[in-house]
Amino acid sequence: MKQKTEILLGLTILFGFITTLAGIFSFDFSDSYEVLNQYGEPVELWGFGIYAHDSYFKAPILIGSDWSVLLFLLLPMSWFLLKYKKSGSEKLLLLLTGLLSALLYYAVSLAIGVAYNRLHLIYILFFSLCFFSFISCLFLLDHKWLKQQQERSLNSRFVHFFLILSGFSIFIAWLPDILSALISDSPLAMLEIYTTEITYVIDLAILSPFIFLVLYLVKTDDSRAYTLLPVTALMCTFIGIMVIFQTVMQLLAAVDVPLPALVTKVIVFILLSFYSSSISFRYFKHFKQVSDARDPAKP
């Protein structure tokens, strides 16, 4: 199974490079044009590259995501995969799984949230590869072995606070926008040409409940927490990095980012990223020197 997982990871990284580079080369804000959306409101579209039919507000966000994925996911994953193929290190496999969870978040956002373009089949294949690579890595990880190495180090108030704060922060960031739209009987703010906001769906339906599930596993000292907590922390760390790149790209494209959104969304996720990065650092630092790779006699 290890060899098949390595092949899946290699293909996932390859298609990741294809999608990110196509997005990065779309950064040209000189071709924008205006259309009417399904609500009869004027919307400015990007007009260039693979994101030509996405909105002028959304395209820089997508390009910022592409840059962050390329630099902080695909390049490290390529290096970790090469080292993992030689060593079979459980620590490297766990790092790959954590980064892969963030890549899966990115892939589903592309496959469902981006305006239809000629890479649609590539997006679907990339999403599929990310999903099955992630599942395959989870199956390979030995959570009982990881628990023995960590020696209950995760069940602390520091970790509990991080998970509670992360889970509720997602609701604080997105739920007011949805409730405001429902109360005013109007479409979501900045919905523009889209039928829904995919980030709201992923974060509220999957990410936040998943974080609270991890909290339960940690509090009960379930061995599966020793796999899922570092994976969650790495994903949250990357989301903060991605938000920084998204904001920078919007500023470069002269997009007006409202101050409330900057405070409740951008700054909150960046602060959570710093917090989650400390969780990740503590976890991986705690590995014993002799435990970086499994015992060769271990099945």
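The packing of two helices is considered first. Helix α2 spans residues 58–87 and helix α3 spans residues 90–113. The axes of these two helices lie 9 Å apart, and the angle between them is about 150 degrees. Angles over 145 degrees count as roughly antiparallel, and α2 and α3 are therefore described as roughly antiparallel to each other. The crossing of α2 past α3 is left-handed.

Charged side chains were examined next. The count of salt bridges comes to three. One of them joins K2 and E6, whose closest N and O atoms are 2.3 Å apart. Both residues belong to helix α1, which covers residues 2–24. Because K2 and E6 are four residues apart in this helix, about one helical turn separates them. The two partners can also be described by their accessibility. K2 has a relative accessible area of 30% and is partly exposed, whereas E6, with a relative accessible area of 12%, is buried.

A salt bridge is also formed between the side chains of D221 and K147, with a distance of 3.4 Å from N to O. D221 is located in the loop between α7 (198–219) and α8 (225–252), while K147 is part of helix α5 (residues 143–150), so the pair ties together parts that are 74 residues apart in sequence. The relative accessible area of D221 is 12%, and this residue is buried. K147 counts as partly exposed, at 26% relative accessibility.

R224 and D222 form a further salt bridge, in which the closest N and O atoms are 2.7 Å apart. R224 has a relative accessibility of 45% and counts as partly exposed. For D222 the corresponding value is 18%. Since buried means under 20% relative accessible area, D222 counts as buried.

Attention then turns to nonpolar residues at the surface. A nonpolar patch is formed there by F171, L175, L179, L182 and I183. Together these residues have about 500 Å² of accessible area. Among them, L179 lies in helix α6, which comprises residues 157–184. With a relative accessibility of 43%, L179 counts as partly exposed.

Helix α6 also contains S184. This residue counts as partly exposed, at 46% relative accessibility. S184 and A59 are 125 residues apart along the chain, and their C-alpha atoms are separated by 27 Å.

A further pair involves I198, which is placed in helix α7. At 8% relative accessibility, I198 counts as buried. I198 and I112 are 86 residues apart in sequence, and the distance between their C-alpha atoms is 7.1 Å.

In summary, the predicted model contains three salt bridges. It also shows a roughly antiparallel arrangement of α2 and α3 and a nonpolar surface patch that includes L179.

Notes: Residues numbered from 1 in each chain as written. Predicted model: local features only at pLDDT ≥ 70, side-chain atom pairs only at ≥ 80, totals over all residues. Heavy atoms only, no water. Patch = residues over 30% accessible without salt bridge, like charges linked within 9 Å, V, L, I, M, F, W, Y side chains within 5 Å. Areas by Shrake-Rupley, 256 points an atom, 1.4 Å probe, with all protein chains shown as cover. Salt bridge = Lys/Arg side-chain N within 4 Å of Asp/Glu carboxyl O. Buried < 20%, exposed > 50% of the residue type's maximum accessible area, 1.4 Å probe, protein only. Axes fitted to C-alpha atoms, helices over the stretch in contact; angles between N-to-C directions. Parallel < 35°, antiparallel > 145°, perpendicular 65-115°, else oblique. Left-handed = near helix turned anticlockwise from the far one by under 90°.
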